[in-house]
Amino acid sequence: QKTEDIIKLINDLHDEELFENGKRNWAKTAGKEFSVCKLIHLNTVANFKNFRSKIRKWKIDDAAELAATLNNKNIQDNLRDGLPYPYTEDDAKYYINEMLKADKNSIFAFAITADDKVVGSIGVFRKDNIHSLTAEMGYYIAEPFWGKGLGTCAIKQTCQYVFSNTDILRIFAEPFSYNIASCRILEKSGFKDEGTLRSNAVKNGQILDMKMYSLLKTDNERT
């Protein structure tokens, strides 16, 4: 197999869909050199599989890693207002404590981890009144871990947990329209693009469009 094809496949490791497509095409065309290709594949896919995110309940010991993640304008510029900046370890401890004592039937907040390190946060928050079977999801990944598929993995796990353990029927997310990476993560997680919410937010003095994405429990059952 051509060296450039092998390099491309390895570069696609951050995108699971690209990787799987490339792997299938690679196997078809490798011919008698496939034993060498297979060896390289087994090595690279092992590294890929080991670097997957997991969700778990927050622990107070996570405060330092959470603070390191959120004390970053590149992260906060894609979130709603209200977070302190600079973001300190005391701020992180306050948030973790609030999540640990929150209503277990309305707020589902998890740390996103990879290799036992906290690399992000994800939460699903039940709405009320006539929307009580709908919940909004928010998430972020620490900047050094962008582009590695960790957000997609965490979203899938979180939605599966919520749909399996509650009566919630619909989970939605509203990323800024310019945040193409976040939109792509939602699409890869099975969310449907329901359209654009025009001039729906003011962030850093700018009027911004937002996207509306949703995943239904019935969608999740079909995947």
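**View 1. Overall make-up of the protein, with its 9 helices and 7 strands.** The model shown here is predicted, and its secondary structure comprises 9 helices together with 7 strands. Of the 223 residues in the protein, 42% are buried. Among contacts with a separation of 6 or more, 61% are between residues 24 or more positions apart. The protein has an accessible surface of about 12,600 Å², and carbon and sulfur atoms contribute 52% of that surface.

View 2. The side chain of E136 is joined to the side chain of R80 by a polar contact of 2.5 Å. When neighbours within four places in sequence are left aside, the residues in contact with E136 are R80, G123, V124, F125, K127, F172 and E174.

**View 3. The buried residues of helix 4 and what covers them.** Helix 4 spans residues 63–70, and its residues A63, L66, A67, T69 and L70 are buried. These residues lie on the same side of helix 4, because the arc that they cover around the axis is only 160°. The cover over the buried residues of helix 4 includes helix 5 (73–76) and helix 6 (89–100), and strand 4 is also included in it.

Notes: Residues numbered from 1 in each chain as written. Predicted model: local features only at pLDDT ≥ 70, side-chain atom pairs only at ≥ 80, totals over all residues. Heavy atoms only, no water. Helix = DSSP H or I, 4+ residues; strand = E, 2+ residues; numbered from the N terminus. Buried < 20%, exposed > 50% of the residue type's maximum accessible area, 1.4 Å probe, protein only. Contact = heavy atoms within 4.5 Å. Areas by Shrake-Rupley, 256 points an atom, 1.4 Å probe, with all protein chains shown as cover. Polar contact = N/O pair within 3.5 Å; in protein donor to acceptor, adjacent residues only side chain to side chain. Arc of directions from axis to C-beta.
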